[in-house]
Amino acid sequence: MPYVNIRITREDATAEQKQQLMDGVTTLLRDVLGKNPETTFVIIDEVDTDNWGIAGESVTSRRKRGR
């Protein structure tokens, strides 16, 4: 029973894009590992850019500086 957790920053991912991620991961697990799609769980967590840090700095700050 696969459980896949995808974490992305909260910024404009549409419902359709998230559905594509869920479908794609489920298909990949079926095709590569033979996992049953009926028992495959895909969870997408969206994190505010203020709460996602890289090298000690939030994504929000990095983007304001153009990085």
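Me: What makes strand β1 and β2 a pair, and in which sense do they run?

Reply: In this predicted model, strand β1 (residues 3-9) and β2 are joined by seven bridges in the parallel sense.

Me: Why is the unit formed by β1, α1 and β2 called right-handed?

Reply: The term applies because, with the strands pointing away from the viewer, the path from the first strand over the helix to the second runs clockwise. The β-α-β unit of β1, α1 and β2 is assigned this hand. Along the sequence, the protein chain follows the pattern β-α-β-β-β-α, with two helices and four strands.

Me: What makes Ile-6, Val-25, Leu-29, Val-42 and Ile-44 a nonpolar core?

Reply: These five residues make up the largest nonpolar core.

Me: Which residues is Ile-44 in contact with, leaving aside its neighbours within four places in sequence?

Reply: Ile-44 is in contact with Ile-6, Ile-8, Lys-18, Leu-21 and Met-22. Contact requires heavy atoms within 4.5 Å, so each of these residues has heavy atoms within that distance of Ile-44.

Me: How does the radius of gyration of the protein chain stand against that of a compact globule of 67 residues?

Reply: The protein chain has 15 Å, whereas a compact globule of 67 residues would have a value near 11 Å. The C-alpha atoms fill a box of roughly 45 × 25 × 15 Å along the principal axes.

Notes
Residues numbered from 1 in each chain as written. Predicted model: local features only at pLDDT ≥ 70, side-chain atom pairs only at ≥ 80, totals over all residues. Heavy atoms only, no water. Core = buried A, V, L, I, M, F, W, Y, C linked by side-chain atoms within 4.5 Å. Buried < 20%, exposed > 50% of the residue type's maximum accessible area, 1.4 Å probe, protein only. Pairing = 2+ DSSP bridges. Rg over C-alpha atoms; globule rule 2.2 N^0.38 Å.
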